[in-house]
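Let's take a walk through this model, from the overall picture down to single residues. Have the sequence and the 3D view open side by side as you read.

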Amino acid sequence: MWKAIKPNYKNLRVYQALVLLLFFGIWHLATRNPQTAFFFGEPLKVLQRVWQWFTVGSGSLEVGFGDHTWFTLSFPAEIYSHLLVTLTETMLAFGIGTVFGLGVGLWLALSPLTSAILDPYIKASNAMPRVILAPIFAMWFGLGIWSKVALAVTLVFFIVFFNVYQGVREVSPVVLANARMLGANQRQLLRTVYLPSATSWVFSSLHTSVGLAFVGVIVGEYLGSARGVGYLILQAEGAFDINTVFAGILVLTAFALVLDTVVGMIEKRLMKWQPKSGETERL
């Protein structure tokens with residue numbers, strides 16, 4: 001009997017679901033007191049609010065650039081237009097930050113002199129609290145999506161940059177020497193040695209960058225926006241509607257997990273050559 005219910009990789013999802021149910025159960029019991037519920041919300045009302053967002057009412061979103069509207073999208077429920085804006089901002093920030101972090105990380109890792117010259121400025125930029133840049137980006141790019149994208153890019157960029165930089169710098173000198181001995185030029189070294197070495201570091205940073213991209217976007221929506229899930233949460237906070245606040249957090253968490261799962265699937269596809277955990281020790 002114990003062997004059947006003992007936690008293992010076959011029943012992993014079952015135990016993960018049980019942990020979630022346990023969390024909601026404790027939350028429900030703890031918030032039966034009205035005073036406690038005022039501060040922590042009620043899980044049933046939170047789930048009810050999420051359901052209403054996706055099933056009740058209607059929404060629309062004007063798509064364009066500047067003062068010009070190209071077309072208008074109509075949605076069957078309230079949340080879709082806000083969710084589309086937040087996800088668009090997050091994906092743009094995630095993609096732009098990753099590309100720039102990868103490019104700059106490779107460049108400086110392969111150019112030690114340039115890296116030494118720019119090192120204090122990169123450290124100073126990374127140490128700067130990026131939240132203070134939000135009002136500046138709002139002045140530069142306006143209150144549209146690009147001010148939120150710019151803020152989130154600054155969070156994603158440094159995570160990817162430092163991981164790529166470290167991954168390239170830790171390439172084995174023996175592997176490099178062997179590749180050069182076989183006649184590999186700089187382009188071939190980049191493709192067959194440096195990039196594979198940095199790939200595992202890149203994907204490690206991407207899992208962290210998913211959450212940071214959402215953080216940057218939501219902070220930007222807090223400081224100035226008329227659309228987005230962060231805007232809905234801000235409106236709910238102003239009305240002391242804690243259930244709607246938790247509903248927004250729940251929706252954002254769910255989509256962050258979806259995006260992280262997509263990154264994990266891409267990682268498994270591109271990292272087939274890497275030994276799985278434990279295989280190296282067995283060898």
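Contact here means heavy atoms within 4.5 Å. On that basis, residues 24 or more positions apart account for 66% of the contacts in the protein with a separation of 6 or more. Before going further, some ground rules: this is a predicted model, where local features need pLDDT of at least 70 and side-chain atom pairs count only at pLDDT 80 or more, while totals for chains, interfaces and linings use all residues. Residues are numbered from 1 along each chain as its sequence is written, and side-chain values use heavy atoms, with hydrogens and water left out.

Now the big picture. The protein has 13 helices and two strands; these are DSSP runs, numbered from the N terminus, with helices being H or I of at least four residues and strands being E of at least two. Taken along the principal axes, the C-alpha atoms fill a box of roughly 70 × 65 × 35 Å. Of the 283 residues, 34% are buried. Buried stands for under 20% relative accessible area, exposed for over 50%, and partly exposed for anything in between, using a 1.4 Å probe and protein chains only.

UniProt positions are given in the numbering used here, feature names are shortened, and annotations may be inferred rather than shown by experiment. In the model, residues 83-263 are 86% helix and 0% strand, with the end C-alpha atoms 20 Å apart. The unreviewed entry also places the feature "transmembrane region" at residues 12-30, 91-110, 131-162, 201-224 and 245-266. Take residues 12-30: the span is 100% helix and 0% strand, and its end C-alpha atoms lie 27 Å apart. Residues 131-162 come out at 81% helix and 0% strand, with 20 Å between the end C-alpha atoms.

Next, zoom in on helix α11 and its packing. Helix α10 (residues 186-223) and α11 have axes that come within 8 Å and cross at roughly 50°. That makes α10 oblique to α11. For reference, angles under 35 degrees count as roughly parallel, over 145 as roughly antiparallel, 65 to 115 as roughly perpendicular and the rest as oblique. The axes are lines fitted to C-alpha atoms, for helices over the stretch in contact, and angles run from 0 to 180 degrees between N-to-C directions. α10 passes α11 in a right-handed crossing; a crossing is right-handed if the near helix is turned clockwise from the far one by less than a right angle, and left-handed if anticlockwise. On the α10 side, the contact uses Ile218, Glu221 and Tyr222, and on the α11 side Val229, Gly230, Tyr231, Ile233, Leu234 and Glu237. By class, that contact has six nonpolar, one polar and two charged residues. Ala, Val, Leu, Ile, Met, Phe, Trp, Tyr, Cys and Pro count as nonpolar, Asp, Glu, Lys and Arg as charged, and the others, Gly among them, as polar.

Then there's the packing against helix α12 (residues 242-270): α11 (residues 229-238) meets α12 at an angle of about 160°, with the axes 8 Å apart. That makes α11 roughly antiparallel to α12. The crossing of α11 past α12 is left-handed. Val229, Ile233, Ala236 and Glu237 of α11 make this contact with Thr244, Val245, Gly248, Ile249 and Leu252 of α12. The residues divide into six nonpolar, two polar and one charged.

In the loop between α11 and α12 sits phenylalanine 240. Its phi is near 55°, a positive value in a residue other than glycine. Most residues other than glycine have a negative phi. Phenylalanine 240 counts as exposed, at 64% relative accessibility.

Buried or exposed: where does histidine 82 fall? Histidine 82, found in helix α5 (residues 79-109), is buried, with a relative accessible area of 7%. Leaving aside neighbours within four places in sequence, histidine 82 touches Ala226, Arg227, Gly228, Val229, Tyr231 and Leu232.

Glycine 167, in helix α8 (residues 145-169), is also worth a click. Glycine 167 counts as buried, at 0% relative accessibility. Its C-alpha atom is separated by 5.8 Å from that of tryptophan 201, 34 residues apart along the chain. Beyond four places in sequence, glycine 167 is in contact with Ser197, Ala198 and Trp201.
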